[in-house]
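Visitor: I have a structure to look at and some questions about it. Could you take me through them in turn?

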Amino acid sequence: MAFYISKLYNKEVLRMRCEFMKDDNDTIWFSYASMVVMRPVKSHKEAAKEVKRVKYIHKQHKKQLMEQLEVH
């Protein structure tokens with residue numbers, strides 16, 4: 001259900017109480033939901049803006065930074 005809601009309404013389900021029923025053929029059916037807590041799903045572009053990129057520091061650059069710290 002949470003996946004369906006996220007795709008259809010662009011919302012992420014954080015919590016919900018669900019009721020399911022099982023029929024004579026042992027098929028499980030979703031019947032009711034209550035106390036549903038949701039939040040908007042950020043688009044891929046919005047999420048990419050918040051990602052902080054960490055630059056790789058190679059050994060030579062690390063050594064240079066450590067030497068600068070020792071000087072101060």
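Visitor: Which element supplies the largest share of the nonpolar patch?

Guide: This is a predicted model. Its nonpolar surface patch covers about 770 Å² and is made by M1, Y4, L8, Y9, F20, I28 and F30. Both α1 and β2 supply at least two residues of that patch. The largest share is three residues, and the element they come from is α1.

Visitor: Is Y4 buried, partly exposed or exposed?

Guide: Y4 is found in helix α1 and is one of the residues that make the nonpolar patch. Buried would need under 20% relative accessible area, and exposed would need over 50%. Y4 has 48% relative accessibility, so Y4 counts as partly exposed.

Visitor: How many bridges join β1 to β2?

Guide: The two strands run antiparallel. Within this pairing, M21 stands opposite W29 of β2. The number of bridges that join β1 to β2 is ten.

Visitor: How far apart in sequence are the parts that the pair E12 and R39 ties together?

Guide: E12 and R39 form a salt bridge, with their closest N and O atoms 2.7 Å apart. E12 lies in strand β1, residues 11-22, and R39 in strand β2, residues 28-40. The pair therefore ties together parts whose separation in sequence is 27 residues.

Visitor: Which residue in the hairpin of β1 and β2 takes a positive phi near 65°?

Guide: Most residues other than glycine have a negative phi. N10, in the loop between α1 and β1, has a positive phi near 60°, and M35, in strand β2, has a positive phi near 50°. The hairpin has five residues between its strands, and the residue there with a phi near 65° is D26.

Visitor: How many of the 13 residues of α3 are buried?

Guide: Helix α3 takes in residues 59-71, and at 1.5 Å a residue it should span 18 Å. Its end C-alpha atoms are 19 Å apart, which agrees. To count as buried, a residue needs under 20% relative accessible area. α3 is hardly covered, and its count of buried residues is zero.

Note on methods:
Residues are numbered from 1 along each chain as its sequence is written. This is a predicted model: local features need pLDDT of at least 70, side-chain atom pairs count only at pLDDT 80 or more; totals for chains, interfaces and linings use all residues. Side-chain values use heavy atoms; hydrogens and water are left out. A salt bridge is a side-chain nitrogen of Lys or Arg within 4 Å of a carboxyl oxygen of Asp or Glu. Helices (H or I, at least four residues) and strands (E, at least two) are DSSP runs, numbered from the N terminus. Two strands pair if DSSP finds at least two bridges between them. The expected span of a helix is 1.5 Å times one less than its number of residues. Buried means under 20% relative accessible area, exposed over 50%, partly exposed in between (1.4 Å probe, protein chains only). Patches are made of residues with over 30% relative accessible area and no salt bridge: like charges are joined within 9 Å, nonpolar side chains (Val, Leu, Ile, Met, Phe, Trp, Tyr) within 5 Å. Accessible areas come from the Shrake-Rupley method with a 1.4 Å probe; for residues, only the protein chains shown count as cover.
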